[in-house]
Amino acid sequence: MSVSRLERRVVDIMPYRNKTYVCFDGDNDIHYYWLMKAWKQNDGLSFNFFDAHDLNTARDTSLTDSIRKQLRQRLKNSKILVVLIGEQTRYLYRFVRWEMEQALNLGLPIIGVNLNGLRQQDSKRCPPVIRDELAVYVSFNAAILQYALENWPASHRTYQQQGKSGPYYYKQSVYKGLGL
């Protein structure tokens, strides 16, 4: 189900659209999501994001349509999609692929976070649905992820207006500047 142009425009101007939607393999990679939440709570780190998953509860025991309804509401309140890319992420279709498709329909900027440390798109692990889409890829680290959260949305808009697509990544100098 795609979102109409008018719906997309309405969502774009909604003032509450400030959340970060984190998409991940809940069976294998949830500890990375929990670590992101811990970074946010750590006073020694400047990592912060407004978690879309705090909006409502989607229980594993709910029906697929009910869960998707809750997830769709979270996505509509999001300004960016973070995809935690682990070993199995590319094989997940029931929700993970669906979440990415919804984000693409909403025009959300996408940050692919490689859990294996790669600083560019990992063609072996990247989910096919976003492989050729406009997205930036980073390693799993608080500093570079915060940098991407702050900078990628504007870059995404610029590249989108220029008709560009495909994978992007930050140069070594950006990582070095962040102390990585």
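## Overall picture

Of the 180 residues in the protein, 43% are buried (under 20% relative accessible area with a 1.4 Å probe, protein chains only). This is a predicted model, in which local features need pLDDT of at least 70 and side-chain atom pairs count only at pLDDT 80 or more, while totals for chains, interfaces and linings use all residues. Residues are numbered from 1 along each chain as its sequence is written, and side-chain values use heavy atoms, with hydrogens and water left out.

The protein has 7 helices and 5 strands, taken as DSSP runs of at least four residues (H or I) for helices and at least two (E) for strands, numbered from the N terminus. Their order from the N terminus is α-β-α-α-β-α-β-α-β-α-β-α.

## Strand E1

E1 pairs with strand E2 (residues 78-85) in the parallel sense over 5 bridges; pairing requires at least two bridges found by DSSP. Tyr 21 has Leu 81 of E2 as its bridge partner.

## Helices H3 and H4

The axes of H3 (residues 64-76) and H4 (residues 93-106) come within 11 Å and cross at roughly 35°; axes are lines fitted to C-alpha atoms over the stretch in contact, with angles from 0 to 180 degrees between N-to-C directions. Residues in the contact (heavy atoms within 4.5 Å) include Leu 71 of H3 and Trp 98 of H4.

Terms used: Buried means under 20% relative accessible area, exposed over 50%, partly exposed in between (1.4 Å probe, protein chains only).
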